[in-house]
Amino acid sequence: MSTVAFATITILTLAAALAVATLQKLMHAALSFAVMFLGISALFFLLGAEFVGLVQIFVYIGAVAVLIVFTILLTRHDTERVRGFNWSGVVVALAVFAGLIWAMESTKSLLIGPPQIQPLTVQRIGELLMTSYVWPLLCIGVLLTAALIGALILVLEEKRE
Amino acid sequence: MTLSIVLVVSAALFCIGLLAALSRRHAIFILIGIEMMLAAANINFIAFWRFAPQPAQPTGVMIAIFAIAIAAAEAAVGLAMVITVYRHFRTTNVDQLNQLKG
Amino acid sequence: MNFWITNNVWLIPATPIVAALLILGFGKRTRLIAAVVAVLGQVVALTMSIFAFLPTLHAHGFRTVEDFTWFNFGDQQLRIGFVLDPLAAAMLLMITFVGLCIFVFSIGYMGKDKNFSRFFAYLSFFSGAMLGVIVANSLLLLFVFWELVGLASYLLIGFWIERPSAAAAAKKAFITTRIGDMGFFLGILWIYHKSGTLLFYEAGHGCLENVEVLGASATFIALLIFCGAVGKSGQFPLHVWLPDAMEGPTPVSALIHAATMVAAGVFLVARVYPIFSVGAINGITPSLTVVVWIGVVTGLMAALIAVAQCDIKRILAYSTVSQLGLMMVSLGVGGVAAGIMHLLAHGFFKALLFLGAGSVIHGLHHEQDIRKMGGLRKLMPITFATYAIGMMALSGVPFFFSGGWTKEEILQTTSHWPASRAPYYLLMFGVVLTALYMTRQIIYVFLGNRRAASEQAHESPGVMTLPLIVLAACAIALSIVLTPAWPWLEDYLTGHAAKFDASLLIQLTLLVSFVLVGIGVGLGVWMYRRAGETDPLQTKQPALFRFLENKMWIDEIYDRTVIALSALMARVSDWMDRHVWDGLVRGVGAIGQIVATLTTDADEGVINAGVDETTDGARGLGRVMSRLHSGQIQIYLGAVALGMLALLLFYAWLT
Amino acid sequence: MADSVDQIFFHAKQSLLSPLADRAPDWLIQVASSLVNIGALLGVFLSLFALMSVLERKILGRMQNRYGPNRVGPFGLFQPVADGIKMLIKEDIVPVRADKIVHFLAPILIAATAILSLGIIPYGRNMTPFVIDGGILFFFAVGSTTELAVFMAGWGSNNKFSMLGAMRAIAQMISYELPLIVTILPVVMIVSSLNPDKIVAAQSPYVFGFVPHWFVLTPWGFVAFLLFFVSGLVESNRTPFDVPEGESEIVAGHMTEYSGFKYATFFMAEYIGMFAVSGLAVTLFLGGWHSPSPFLEFIPSYVWFFAKLSILLFVYIWLRGTLPRTRVDHIMNFAWKFMLPMAFTCFIAAAVWHYAGRGLSGWLWSLAVIAVVYVTLSMLLETKKKFAPRTYRFAE
């Protein structure tokens, strides 16, 4: 069951990812981006990290994808003309993929199945965030605030004199 | 389902992200490629947590959560920059954005 | 008798800082509110200082500390705190009082400035930071406030930002003092490494209470800390910023560059005096000897330069540098109390002199060249009278002026220094010079004929003369607690009970200093009695005058050596960046490019066989050539990916 | 007896699945159980949608002194059937210049997300279709996908009105998503769980034996409920916040280029979204399926849930009949300047309530916090009737 699910999800995700990298119409590529993240979230569900999967959907599809389509919309005059595709990227990507696969192949300890695991409850994650990980949490808060302000300032229209 | 197969999937996703970042001409898609690579890294974090000998601290999950937050911040600032650049140069084609002067 | 404030001294620096924030919050348009809030903040700080001062009178060796943990990292605790002891209490009183006078004076002096409220915000901020330096019970906290003081000084020197010279002076002051602070910071790190705490006093565990653990490194630590003091107090060789700092508004010069901030260096040395005196034999340690000689060189050099300056504020600035040197000598030879006494007295009369100068400048519509003044005695009587009092206090006229007693005290301590008699004689020469240049200034500005700028002169309004009168009264009144017959202040600082002994009023050394001042004044009157537009010294000794007028060419020497060296370094690294590193980057880019074009060619060769080949070849070549200079992000990204591959291959080869 | 009526649907499902119980593998049972749940959900809510559409028209008619639909069937109750047939047999028009794929996918996605979000709401005792530990988060994760669907509809139609409507809809949805989420935080914090069942369970006890322990009866809960309700109103694009599809301004917003069954799908998604938000409001603040007092517990739990739900739905209709449409910039200002600060205030007030012992003193303290912030905010936001030239910041 989980193998079938895993295979389905993987195929869906990778297909969507390839669509992102190759589709000519930018809007379609951006929507495949959302589908790809749906697939990744499903993978997280399958791996038992439900919270991360939900956060992923929430952040990527609810926020980042919307941001991306908006950006495409705002820079629309340009989008139809951009058709170029750099084939050297394919070679580099394939080479990196081959290298990574080789590295994994030569590591024997990776051929293990998942152990039995206690489900990771949201409450436990919350407790950890508020105790062991409270400093990173605060730092992330500061970072997000800074990013918010920075993004706002960047897109603020310059005052016309 | 073994650890190595999950890692292969994440490696494939990483390389597709790299492909998108390297090949597309549109600045937004370089950002998208980077997001994909980050997501691939997240899969690795989750996988290593899931396949680690029990009992283990859920460090991988935590890092994935933080990575998502950071990626969101990165996307916001990056896209804002794309819009600013577009306003200034009237293009988002990275081939034409090769000057520091503007 | 313990007031509530003794355990909450942090309120004293907090009050002006809150006032500064309030003023900034009110915005630009509310001039009246700005002035009222600033003065009110200062009044509250003064009141609290008085209540903090009172308990220290009764218990000798009084000290309260309030320590708390700032934060923990690992198993280390970083503790900071506040301290109140006679040294701090006396300084608090002096700073808040002089500060109040200067705040009031500023209302008149800056009355027409468009950035009036910003000025008061900065001034309040400075005052708070300075008070923080005084009450800090931790080297780190002291350092924090020390840097805040530096920041405030930077902001205030460059207050008239539209003047390029002011901006340059602000930058110079900031950077020059930073050099000293670097040493100070290293000293802090070293002392933390050695003693494990940065608190001065903490029930026997503070770093000043166990100086023995520092051992041999105490000398180096002391010298590093002294670097900070050198920078802040304008000691040789980092004195160059202080005269330039006179570009700021005159009240700023009075508050920061005469009365308080520059004294912070002296205060710092006094505060960490135990570190300086570790392993003293006969009261001599290597670090203290350095302090003495730096002080002597500074004092003498600055006094000499002051003789040949023509800007009314610059003369006072060099005089300040010279007096600070004097205080350093006093600390170095073991007379901590004498040094601090001179510091306190100097704070009053130097602020008075600067404010007097400010009044003159204000009356002459911002003319600062003393050769264009003259005959102001009739036109600005109050300014003249108070300025004369300040001048006599600074010159060290005995009996009625505070400066006289403290200077005499310093000379006496120096004469007992077992290491060498040379500082004593050099200081005596310095005293003569001080009297000389002050006489010169008085003659030029207030006596003689009216010259060009004096025609339009007028007396300053009451809000400016009142602080002058108050400060002048203090300069005289302070002499009561400074006389050797009833050395109340000295005993207060050293923790003894004061005794009255009238016989000490008449001493040999007193006679000596009297004679010295007499020589100085007499010489001045004789030299400058018929002074005109040109300086008599200039006509008689042009070479010497030029040497002194140009500040012994120290700035120029720095330009030719230190600054030239750093410019050279900058040029070298620029060249390296352009030719070596950039070449490397381009090389890496080119590798990626070559790989890329190879694959492009192969691909297009397979798909569009034949027809386009020649054109593609030509275009490909052109593309290679142009893309080499592209600066495109994707190529860099590709290079990173290739680098990762290369690393993988490297590991493969390793295993 | 009462218990068996209460659990009648639960037992019905059990007996339906019993033929599979021993023979089939686990995953098959899971799939079958899910299918049963989905079937039940769709059946109930689609008929509720049909009922609602006719009731809305009738109630609005009553409010406006007219009859409303009364021709088809008894009291016009078969009107939806007639409407449905009409929609189905209408021609499906797709504009020539439209992005066909996106245009086609948008209504499907929007309906799917709306129905998905129904899945985590507890409708009665043991009647939660899908038990997820982070159920509330699931609700919002799925809900946030709606924005993308709306954008797809606007972009895919290749029509200026559609795009403008989509932009308005997304702008207001994003703005109100923040107060919507922040207002549930106090509840989540007090219960310390994201699980809807636990949230409902936390509201089960009765104070003094008869006052229900619903969160709406605490100061912070009451304010949060109001804010949540208003945000939900905006999220489902209902009057007075129906700017994105206001027919007098921009035809029908992002739905302009849709016709026939696709249009009906949008319409349905909107209503189902409304049911979902109301259902969540009932779950979070109104005690879920619990009865308001112990002696009414003999009435089955699901009846209570749907009673509460229908009250909220009536308020929706009531508001539509009463209030005029709000201006776009006013909606935005309201969200950022009032709703969000108040939502954070609820959060703080809930913390105060908790640390003051959750008793009477906590009740008063949190009321004080909210009152202070509310007064300050209303003083700060008072505009004194300043009329300035309007500036439009949307769509250059």
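The model scores ipTM 0.67 and pTM 0.59. For chain D, the mean pLDDT is 84, and 95% of the residues reach 70 or more. Within chain D, the element with the highest mean pLDDT is helix 9 (residues 219-235), at 89, whereas helix 10 (residues 247-250) has the lowest, at 70. Where pLDDT is low, the predicted coordinates should not be read in detail.

Chains A and B touch through 67 residues of chain A and 57 residues of chain B. On the chain A side, the elements that give two or more residues are helix 1 (2-22), helix 2 (26-46), helix 3 (50-74), helix 5 (88-105), helix 6 (122-130) and helix 7 (134-155). Helix 3 of chain A supplies the largest share of this side, with 11 residues. By class, the side of chain A that touches chain B comprises 53 nonpolar, 13 polar and 1 charged residues.

Helix 2 of chain A packs with helix 2 (residues 27-51) of chain B at an angle of about 5°, and their axes are 11 Å apart. Because the angle is under 35 degrees, helix 2 of chain A is roughly parallel to helix 2 of chain B. From helix 2 of chain A, the contact is made by Ala29(A), Phe33(A), Phe37(A), Ile40(A), Leu43(A) and Phe44(A); from helix 2 of chain B, it is made by Phe29(B), Ile32(B), Ala39(B), Ile43(B) and Ile46(B). The residues of this contact divide into 11 nonpolar, no polar and no charged. An α-helix has 3.6 residues a turn, so residues three or four places apart point the same way.

Chain B itself contains 3 helices and 0 strands, and its elements run α-α-α from the N terminus on. Of its 102 residues, 61% count as buried. Among the contacts in chain B with a separation of 6 or more, 49% are between residues 24 or more positions apart.

In chain C, helix 1 (residues 11-26) and helix 2 (residues 31-58) pack at an angle of about 175°, with their axes 9 Å apart. Helix 1 of chain C and helix 2 of chain C are therefore roughly antiparallel to each other. The residues of helix 1 of chain C that take part are Leu11(C), Ile12(C), Thr15(C), Pro16(C), Val18(C), Ala19(C), Leu22(C), Ile23(C) and Phe26(C). Those they meet in helix 2 of chain C include Ile33(C), Ala34(C), Val37(C), Gly41(C), Gln42(C), Met48(C) and Ser49(C). This contact has 16 nonpolar, 4 polar and no charged residues.

Helix 3 (residues 86-109) of chain C consists of 24 residues. From its first C-alpha to its last, this helix reaches 34 Å, close to the 34 Å expected at 1.5 Å a residue. Of the 24 residues of helix 3 of chain C, 23 are buried, so the helix is largely enclosed by the rest of the structure.

In chain D, Phe306(D) lies in helix 12 (residues 301-322). Phe306(D) counts as partly exposed because it has 19 C-beta neighbours inside 10 Å, whereas a buried residue requires 20 or more. The C-alpha atom of Phe306(D) is separated by 8.6 Å from that of Gly279(D), and these two residues are 27 residues apart along the chain.

Terms used:
Residues numbered from 1 in each chain as written. Chains lettered and ligands numbered in written order. Predicted model: local features only at pLDDT ≥ 70, side-chain atom pairs only at ≥ 80, totals over all residues. Contact = placed C-beta atoms within 7 Å. Helix = DSSP H or I, 4+ residues; strand = E, 2+ residues; numbered from the N terminus. Nonpolar A, V, L, I, M, F, W, Y, C, P; charged D, E, K, R; others polar. Buried ≥ 20, exposed ≤ 12 C-beta atoms within 10 Å, placed from the backbone. Expected span 1.5 Å × (residues − 1). Axes fitted to C-alpha atoms, helices over the stretch in contact; angles between N-to-C directions. Parallel < 35°, antiparallel > 145°, perpendicular 65-115°, else oblique. pLDDT = per-residue confidence, 0-100.
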